[in-house]
Amino acid sequence: MEYDFDPPRYVEGMHWHIGYYENGFDIECVAYRRPDGTWDLFFDDCQDLGLFSPGHPRLDFGAFLFSTDENMAERRFRVWVESELLTFRTSTT
């Protein structure tokens, strides 16, 4: 999979913790706001790093998931958790 990601400068102090807290899970990502209003979401849970390929974009605060607008960030994170992360965790246990 190819990623359209060139690390931008983020708006200072503008970050957002987005969580998935269903069925006993406590999963979070952090999002950083670009100057144009787009949010870049990152995930950094050490137990799940095998989910990402070696060439997957990473910054100090996690593996890049995707860029999205504010209105879709929570929904897209939920979909990613349910379709990618939980599937990965199930397949590795």
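Biologist: Taking pLDDT as the predictor's confidence in each residue, from 0 to 100, what does the chain average?
Modeller: The chain averages a pLDDT of 85, and 87% of the residues score at least 70. This is a predicted model, in which local features need pLDDT of at least 70 and side-chain atom pairs count only at pLDDT 80 or more, while totals for chains, interfaces and linings use all residues. Residues are numbered from 1 along each chain as its sequence is written, and side-chain values use heavy atoms, with hydrogens and water left out.

Biologist: Which elements have the lowest and the highest mean pLDDT?
Modeller: The lowest mean belongs to β4, at 78, and the highest to β1, at 95. Starting at the N terminus, their order is β-β-β-β-β-α.

Biologist: And in what order do the strands sit in the sheet?
Modeller: The five strands form an open, antiparallel sheet in the order β1-β2-β3-β5-β4, with two strands taken as paired if DSSP finds at least two bridges between them. The edges are held by β1 and β4 (58-59), each with a single partner strand, so one side of each has no neighbour in the sheet.

Biologist: How many bridges join β1 to β2?
Modeller: Six bridges join these two antiparallel strands, and H17 stands opposite V30 in β2. Further along the sheet, β2 and β3 pair over four bridges, with A31 opposite L41 in β3. Five bridges link β3 and β5, where D40 faces S67 in β5, and two bridges link β4 and β5, with L59 and G62 as bridge partners.

Biologist: What about the turns, how many residues lie between the strands of the β4 and β5 hairpin?
Modeller: That hairpin has two residues between its strands, whereas the one formed by β1 and β2 has six. N23 sits in the loop between β1 and β2 and has a phi near 50°, which is a positive value in a residue other than glycine. As background, most residues other than glycine have a negative phi.

Biologist: Is N23 buried or exposed?
Modeller: N23 is exposed, with a relative accessible area of 69%; here buried means under 20% relative accessible area, exposed over 50%, and partly exposed in between, with a 1.4 Å probe and protein chains only.

Biologist: Switching to β1, which residues make up its covered face?
Modeller: The covered face of β1 consists of W16, I18 and Y20, and the uncovered one of H15, H17 and G19. At 34% relative accessibility, G19 counts as partly exposed. Leaving aside neighbours within four places in sequence, G19 is in contact with I27, E28 and F77, contact meaning heavy atoms within 4.5 Å.

Biologist: Which residues are the best connected in the largest nonpolar core, meaning those that touch the most other members?
Modeller: I18, I27, L41, L65, F77, W80 and V81 touch the most other members of this 19-residue core, a nonpolar core being a set of buried Ala, Val, Leu, Ile, Met, Phe, Trp, Tyr and Cys residues joined through side-chain atoms within 4.5 Å. At least two core residues come from each of β1 (15-20), β2 (27-33), β3 (39-43), β5 (62-68) and α1 (73-91), and α1 gives the most, with six. Not counting residues up to four places away in sequence, I18 touches, among others, I27, L41 and F77.

Biologist: Where does α1 pack, then?
Modeller: The helix α1 packs on the sheet, touching β1, β2, β3 and β5, and its direction makes about 50° with that of β1; axes are lines fitted to C-alpha atoms, for helices over the stretch in contact, and angles run from 0 to 180 degrees between N-to-C directions.

Biologist: One more on β5: how many of its residues are buried?
Modeller: Six of the seven residues of β5 are buried, which leaves the strand mostly covered. T68 lies in β5 and counts as buried at 8% relative accessibility. Apart from residues up to four places away in sequence, T68 touches T38, W39, L41, A73 and R76.

Biologist: And what share of the whole chain counts as buried?
Modeller: Of the 93 residues of the chain, 35% count as buried.
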